[in-house]
Amino acid sequence: VQLQASGGGLVQAGGSLRLSCAASGRTFSTYYMGWFRQAPGKEREFVAGIRWSGGRTYYVDFVKGRFTISGDNAKNTVYLQMNSLKPEDTAVYYCAAGVAPNWSAGGMNYWGKGTQVTVSS
């Protein structure tokens, strides 16, 4: 299983970015896909997740109403639309896949390389 995240960059506070995670290597119909982030000096934390089949979504409280996770089955790609970005959203964002909705860094089975998101004030 390979996961490739992209879409990070530098944006001003209040701006938007859309991250993409392209998945390949096997069928993902029974997988859960998630976005995590890690800021300097902090632990990796869960941001948002989605069940590949059915589209049920999961969010951490501090992004509800600002971030939206979605998936395109035909493209095997999961997106994270991030609006109203804040400087505290600055982190390396990682996509991950797991066989269960265990939204912890140790609960995911596969990880992609991260993409840097920097929000300036």
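Thr57 touches Gly49, Ile50 and Ile69 in the predicted model, residues up to four places away in sequence being left out of the count; contact here means heavy atoms within 4.5 Å. Thr57 belongs to strand 6, residues 57-59. Strands are DSSP runs of E with at least two residues, numbered from the N terminus. The relative accessibility of Thr57 is 35%, so this residue counts as partly exposed; buried means under 20% relative accessible area, exposed over 50%, and partly exposed in between, with a 1.4 Å probe and protein chains only. Between the C-alpha atoms of Thr57 and Thr68, which are 11 residues apart along the chain, the separation is 8.8 Å.

The model is predicted, and local features need pLDDT of at least 70, side-chain atom pairs count only at pLDDT 80 or more, and totals for chains, interfaces and linings use all residues. Residues are numbered from 1 along each chain as its sequence is written, and side-chain values use heavy atoms, with hydrogens and water left out.

An open sheet is formed by four strands in the order 1-3-8-7, with antiparallel pairing; two strands pair if DSSP finds at least two bridges between them. Strand 1 (2-6) and strand 7 (67-72) stand at the edges with a single partner strand each, so one side of each has no neighbour in the sheet. From one strand to the next the twist averages 15°, where axes are lines fitted to C-alpha atoms and angles run from 0 to 180 degrees between N-to-C directions. Strand 3 (residues 17-24) and strand 8 (residues 77-82) run antiparallel and are joined by six bridges. Leu19 has Leu80 of strand 8 as its bridge partner.

Leu80 is also among the residues with the most contacts inside the largest nonpolar core, which has 28 residues; Met33, Trp35, Val47, Phe67, Met82 and Tyr93 are the others named. A nonpolar core is a set of buried Ala, Val, Leu, Ile, Met, Phe, Trp, Tyr and Cys residues joined through side-chain atoms within 4.5 Å. Elements giving two or more residues to this core include strand 4 (32-38), strand 5 (45-51), strand 9 (91-98) and strand 11 (115-120). Apart from this core lies another, of seven residues, including Tyr32, Phe46, Tyr58 and Met108. Beyond four places in sequence, Phe67 is in contact with residues including Arg37, Val47, Leu80, Met82, Asp89 and Tyr93.

Arg37 is located in strand 4 and is buried, with 6% relative accessibility. Its side chain makes a polar contact of 2.9 Å with the side chain of Asp89, and another polar contact, of 3.0 Å, joins the side chains of Arg37 and Tyr93. A polar contact is a pair of N or O atoms within 3.5 Å; within protein, one must be able to donate a hydrogen and the other to accept it, and residues adjacent in sequence count only if both atoms are side-chain atoms.

Most residues other than glycine have a negative phi. Asn76, in the loop between strand 7 and strand 8, has a positive phi near 50° and is partly exposed at 26% relative accessible area. Ser84, in the loop between strand 8 and strand 9, has a positive phi of about 50° and is partly exposed at 40% relative accessibility.
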